[in-house]
Amino acid sequence: MTNNIPFKKHILVCTNETCKLKGGEDLFLKLKERINELNLKKTYRPSRVICMGLCGKGPNVLVWPEGTTYCNFSENRVEDLIQKHLLKGEVLEDLLYKANE
């Protein structure tokens, strides 16, 4: 099976009202800036999304196509997302969405 997607991974950042009030827009801008600075924009694509349905846990980030969802994400964890998750494949366990919490 071939993945017909233009990027290795898409990083979806919720910037809807609740997440935006908690820093979602700043988080998105920082992520986009760092991906550009590191010359990774042809491989990883950050995008704004309106809602992931996890408003009380935001800001939320989803790494697609794998489906890893992070909650309570802050701008100061952008470097961890890039260096650990995207480049090394390490999940950020402390931010990982947990369905029963």
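In which helix is the place of glutamate 33? Glutamate 33 sits in helix H2 of this predicted model. Its relative accessibility is 40%, so glutamate 33 counts as partly exposed. Between the C-alpha atoms of glutamate 33 and proline 46 there is a separation of 9.8 Å, with the two residues 13 apart along the chain.

H2 consists of 14 residues. From first C-alpha to last, H2 reaches 20 Å, close to the 20 Å expected at 1.5 Å a residue. Just after H2, asparagine 39 has a positive phi of about 55°.

The buried residues of H2 are Gly24, Glu25, Leu27, Phe28, Leu31, Arg34 and Ile35. Their cover includes H3 and the elements tabulated here.

| Element | Residues |
|---|---|
| Strand S1 | 9-14 |
| Helix H1 | 17-21 |
| Strand S2 | 44-49 |
| Strand S3 | 61-64 |

The packing of H2 against H3 can be described in more detail. The axes of H2 (residues 24-37) and H3 (residues 78-88) come within 9 Å and cross at roughly 45°. H2 is therefore oblique to H3. This crossing of H2 and H3 is right-handed.

On the H2 side, Leu27, Lys30, Leu31, Arg34 and Ile35 take part in the contact; on the H3 side, Val78, Glu79, Leu81 and Ile82 do. Sorted by class, the contact of H2 with H3 has 6 nonpolar and 3 charged residues, and no polar ones.

Note on methods
Residues are numbered from 1 along each chain as its sequence is written. This is a predicted model: local features need pLDDT of at least 70, side-chain atom pairs count only at pLDDT 80 or more; totals for chains, interfaces and linings use all residues. Side-chain values use heavy atoms; hydrogens and water are left out. Axes are lines fitted to C-alpha atoms, for helices over the stretch in contact, and angles run from 0 to 180 degrees between N-to-C directions. Helices (H or I, at least four residues) and strands (E, at least two) are DSSP runs, numbered from the N terminus. Angles under 35 degrees count as roughly parallel, over 145 as roughly antiparallel, 65 to 115 as roughly perpendicular and the rest as oblique. A crossing is left-handed if the near helix is turned anticlockwise from the far one by less than a right angle, and right-handed if clockwise. Contact means heavy atoms within 4.5 Å. Ala, Val, Leu, Ile, Met, Phe, Trp, Tyr, Cys and Pro count as nonpolar, Asp, Glu, Lys and Arg as charged, and the others, Gly among them, as polar. The expected span of a helix is 1.5 Å times one less than its number of residues. Buried means under 20% relative accessible area, exposed over 50%, partly exposed in between (1.4 Å probe, protein chains only).
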